[in-house]
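Please find my notes on this structure below. They are set out as numbered points, each to be read beside the sequence and the 3D view.

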Amino acid sequence: PGNVNGWTAQESIRPWEAWKLYANYFGGNSASNGQALSTYEAGIEYDFIPNSASITFLVRELKIANVEQFLLYRAQLDYNF
């Protein structure tokens with residue numbers, strides 16, 4: 001952690017009022033051993049109660065030296081009250 005040189009890219013779009021599509025990417029190399037590192041997260045968020053409740057479906061992956069270290073599929077429910 002904190003020992004990587006790289007770049008990030010982020011994008012999001014709201015094709016409809018209640019829907020949001022997003023993607024985050026980081027790519028770079030370890031400063032100590034030069035191994036390649038890449039990670040991304042992409043998801044779809046739906047606000048079923050505007051400003052109060054949403055559900056997000058996402059996938060997240062981390063690779064070091066092109067070997068998968070972590071892969072996550074998640075459905076996340078957020079509620080504000």
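Is Asn66 buried or exposed? Asn66 is exposed, at a relative accessible area of 65%; buried means under 20%, exposed over 50%, and partly exposed in between, with a 1.4 Å probe and protein chains only. Point 5 returns to this residue.

1. Basis of the note. This is a predicted model, in which local features need pLDDT of at least 70 and side-chain atom pairs count only at pLDDT 80 or more, while totals for chains, interfaces and linings use all residues. Residues are numbered from 1 along each chain as its sequence is written, and side-chain values use heavy atoms, with hydrogens and water left out.

2. Fold elements and overall form. The protein chain has five strands and zero helices, in the order β-β-β-β-β from the N terminus. The radius of gyration of the protein chain is 16 Å, well over the 12 Å that the globule rule gives for 81 residues, so the chain is more spread out than a compact globule. Here the radius is taken over C-alpha atoms, and the rule is 2.2 Å times the number of residues to the power 0.38. Strands (E, at least two residues) and helices (H or I, at least four) are DSSP runs, numbered from the N terminus. Along the principal axes, the C-alpha atoms fill a box of roughly 50 × 20 × 20 Å.

3. Of the 81 residues in the protein chain, 21% are buried. The accessible surface comes to about 6000 Å², and carbon and sulfur atoms account for 55% of that surface; the areas come from the Shrake-Rupley method with a 1.4 Å probe. The 5 positive and 8 negative charges have mean positions 4 Å apart. Lys and Arg count as positive and Asp and Glu as negative, without His and the chain ends; each charge is placed at NZ of Lys, CZ of Arg, CG of Asp or CD of Glu.

4. Aromatic pairs. The count comes to three aromatic pairs. Rings of Phe, Tyr and Trp (its six-membered ring) pair if their centres lie within 6.5 Å; planes under 30 degrees apart count as stacked, over 60 as edge-to-face and the rest as tilted. One of the pairs is Trp19 with Tyr46: the ring centres are 4.6 Å apart and the planes are at 40°, so this pair is tilted. The pair links distant parts of the chain, with Trp19 in strand β2 (residues 19-30) and Tyr46 in strand β3 (residues 36-49), 27 residues apart. Trp19 is partly exposed at 33% relative accessibility, and Tyr46 is partly exposed at 30%. The rings of Tyr79 and Phe81 have centres 6.0 Å apart and planes at 25°, so that pair is stacked. Tyr79 is exposed at 53%, and Phe81 is exposed at 92%.

5. Positive phi. Most residues other than glycine have a negative phi. Asn51, in the loop between β3 and β4 (53-64), has a positive phi near 65° and is exposed at 74% relative accessibility. Asn66, in the loop between β4 and β5 (67-79), has a positive phi of about 60°.

6. Which residues does Thr56 contact beyond its neighbours within four places in sequence? They are Tyr22, Ile44, Glu45, Arg74, Ala75, Gln76 and Asp78, where contact means heavy atoms within 4.5 Å. Thr56 lies in strand β4 and is buried, with a relative accessible area of 6%.
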